[in-house]
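Hi,

Here is the structure I promised to pass on. Have a look at it first, and then read my notes below.

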Amino acid sequence: MKELTCIVIGGGYAGIHAIKAIRNTWKGGVNKRPLRLILIDKNPFHFRKVLLFKPAVTNEDIRVPLTQLFPEGIEFVQATVTNIESGEKKLNYTDVKGNKNTMQYDILVVAAGSVVRQPDPSQGGIALASLDDSHKIKETWRANLKKAVAETNARERQRLMTIAVCGAGISGIETSAELAHYVHEEAVKLGLDSNAVRINLYNTNKSLFPDGPVKVGRKLEHSLRASGVTVQHGVKVLHEKDGTLTLSNGETLSVGLCVWTLGLLPNPMLRNIKLPVTSDGFLIVDSSYRVQGTTGVYSIGDCARIVDPASGRADGKTCKEATAQAARLVKIVLADLEGRPAPVHKGFIDFFCFGLGPEQGMAWTRMWGMDLVFTGKLGWRLRKFTWNSASLLK
Ligand SMILES: Cc1cc2nc3c(=O)[nH]c(=O)nc-3n(C[C@H](O)[C@H](O)[C@H](O)COP(=O)(O)OP(=O)(O)OC[C@H]3O[C@@H](n4cnc5c(N)ncnc54)[C@H](O)[C@@H]3O)c2cc1C
């Protein structure tokens, strides 16, 4: 029986869960057809993007080699996919040596994710967008604290001990909480007055967590305040220049570091791979993740616009959505290959988790019309579980 080739583009959260689900479910396969399963990523590792704030405060490595996640049964190709010729069922890629190549597929899963939204370079600061940025953030606040020790001018010392985090989504909340903990800890070690550490989180909305109930947003703010973060609502940071932060309300503040956490944008490569995209740049798929106008091409995770046909609600761009889509995808692929009706997308339950510094967290879900909130150590355990399970780690 002829072997089928299934290629997954992207070893992020959606891609690794798709690989796991396909490998585990295929066993015996469709009409006993053997499967060749290939994972293509530009990196040799799965990048734990949701933990980008960690290397900004500690030496934790947030890369997991793909061969560690899948020691056998999967072929890896480290390459950047440049376009897809869906009529010919082939894709083009450039490998790490710069060689251009082509690969044929029967089934293709595009899980190329998103990129972090960056401010304009003239706005200054550092965006929490890559591992290098994260390291740069850590080096900057550590160097600033060392300078503060020798600084005799009180105003300049205060500036060196002040950090602005601009953007109060999950990433901004978690980043500010971690910075508050580690910057305080380091200040104490260096003999500085840790009460002088200022971590300001700027939020353009009127409250935190607009996706959930107001009282949960308030609880989050309360926890942040307790860990040393001041949240300022309804204000936009315009730019940081030479240590001065300028806000949309005309206020200015002297800061030693400005960190941007502005959310996500669709991967720009999606506009160039010859597949249909929405006006804002997400792949267009039907309710069973099939890319419009193609056969055998599916897309899940941050790079696709996926809508629950029952509610009309578009999925969020989060790990929980990506992993649930991956689990459903394999059933869809098998149904399509066997000519059966395929399952359709169903939105995920309302569930959000926040890390609020080491060993502190909060989780919220709505069940049976009730808001359930888990805080402290339990909130933290749930947070840790979601981080690890999303990356297929124990
Ligand atoms: C700072 C930050 C904090 C976040 N916090 C949370 C959180 O707390 N909770 C939550 O649920 N979500 C969070 N998110 C969102 C979450 O990271 C995404 O929803 C998730 O990464 C989506 O997974 P994905 O697999 O679709 O995409 P990604 O994780 O972006 O993976 C895409 C993969 O595709 C690869 N790739 C891209 N282009 C190509 C190409 N041309 N060729 C080959 N390979 C390619 C990339 O290398 C990458 O491995 C956060 C995101 C950021 C940036």
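Before the notes, a term: two strands count as paired if DSSP finds at least two bridges between them. Helices (H or I, at least four residues) and strands (E, at least two) are DSSP runs, numbered from the N terminus. Residue numbers start from 1 along each chain as its sequence is written. Keep in mind that this is a predicted model, where local features need pLDDT of at least 70, side-chain atom pairs count only at pLDDT 80 or more, and totals for chains, interfaces and linings use all residues.

Let's start with a parallel pair. Strand β11 (residues 162-166) runs parallel to strand β12 (residues 198-202), and five bridges link them. Within that pair, Thr162 sits opposite Arg198 of β12. Both strands belong to an open sheet of five strands, in the order β10-β17-β11-β12-β13 with parallel pairing. Which strands stand at the edges? They are β10 (126-127) and β13 (229-232); each has a single partner strand, so one side of each is left without a neighbour in the sheet. Helix α3 (residues 131-150) packs on this sheet and touches β10, β11 and β17 (257-260), with its direction at about 160 degrees to that of β17. (Axes are lines fitted to C-alpha atoms, for helices over the stretch in contact, and angles run from 0 to 180 degrees between N-to-C directions. Two residues are in contact if their C-beta atoms, placed from the backbone, lie within 7 Å.)

Now for some antiparallel strands. Strand β5 (residues 75-85) and strand β6 (residues 90-95) are joined by six bridges, and Asn83 faces Asn92 in β6.

Thr102 lies in β7. Is Thr102 buried or exposed? A residue is buried if 20 or more other C-beta atoms lie within 10 Å of its own, exposed if 12 or fewer, and partly exposed in between, with C-beta atoms placed from the backbone. Thr102 is exposed, because it has 10 other C-beta atoms within 10 Å. Apart from neighbours within four places in sequence, Thr102 is in contact with Lys90 and Asn92.

Tyr289 has a positive phi of about 65 degrees although it is not a glycine. Tyr289 is in the loop between β19 (283-284) and β20 (297-299), and counts as buried because it has 27 C-beta neighbours inside 10 Å. Trp368, also not a glycine, has a positive phi near 50 degrees. Trp368 is in the loop between β23 (361-367) and β24 (370-374), and counts as exposed because it has 5 C-beta neighbours inside 10 Å.

Finally, the domains. The chain is divided into domain 1 (4-116 + 265-348) and domain 2 (121-262), with bounds that come from an automatic or database domain assignment. Their centres, taken over C-alpha atoms, are 35 Å apart. Seven residues from domain 1 and 13 residues from domain 2 make the contact.

Cheers
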